[in-house]
Amino acid sequence: MDKLDELRLRYLRSLPQKGEDIRAQWELLRQRPHERALLTELHQQVHRLSGSAPAYGFDDIGALARPLDQRLSEWLRAGDGERDAVGDMVGSLAVPVAALAQALRLAGEADAPPPA
């Protein structure tokens with residue numbers, strides 16, 4: 001196993017925890033939707049995945065993370081008037097967050113990382 005394969009395997013093994021972290025952050029945000037720091041942390045988690053997953057060969061995870069990253073980023077940049085519908089926004093993210101967390105869990109159950 002070469003160094004790149006070792007890195008991919010280490011990344012693969014980290015995916016279930018990343019999914020749990022996103023799921024936990026999502027639950028906190030869902031309970032306290034007006035806490036900007038919770039949204040910021042969720043965005044950072046998703047943003048890191050949208051870049052790192054494809055770099056390690058997990059294009060499907062990157063494809064799930066990228067639009068979620070964009071939506072969170074746009075919402076964080078919005079003015080206060082545009083953020084008034086925070087409950088609607090949080091509700092609209094339920095399905096993509098769940099899909100990403102599920103994909104991370106399933107990827108972590110794989111025996112080997114995707115080929116380079």
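A polar contact is a pair of N or O atoms within 3.5 Å, where within protein one must be able to donate a hydrogen and the other to accept it, and residues adjacent in sequence count only if both atoms are side-chain atoms. This is a predicted model, in which local features need pLDDT of at least 70 and side-chain atom pairs count only at pLDDT 80 or more, while totals for chains, interfaces and linings use all residues. Residues are numbered from 1 along each chain as its sequence is written, and side-chain values use heavy atoms, with hydrogens and water left out.

Me: How long is the polar contact that joins the side chains of D69 and S50?
Reply: D69 lies in helix α3, helices being DSSP runs of H or I with at least four residues, numbered from the N terminus. The side chain of D69 has a polar contact of 2.9 Å with that of H47. With the side chain of S50, D69 makes a polar contact of 3.1 Å.

Me: Is H43 buried or exposed?
Reply: H43 is found in helix α2 and touches D69, L72, S73 and L76, not counting residues up to four places away in sequence, a contact meaning heavy atoms within 4.5 Å. Buried means under 20% relative accessible area and exposed over 50%, with partly exposed in between (1.4 Å probe, protein chains only). Because its relative accessibility is 14%, H43 counts as buried.

Me: Which residue just after α2 takes a positive phi?
Reply: Helix α2 covers residues 36-55. Just after α2, a positive phi of about 95 degrees is taken by G57.

Notes:
Helices (H or I, at least four residues) and strands (E, at least two) are DSSP runs, numbered from the N terminus. The expected span of a helix is 1.5 Å times one less than its number of residues.
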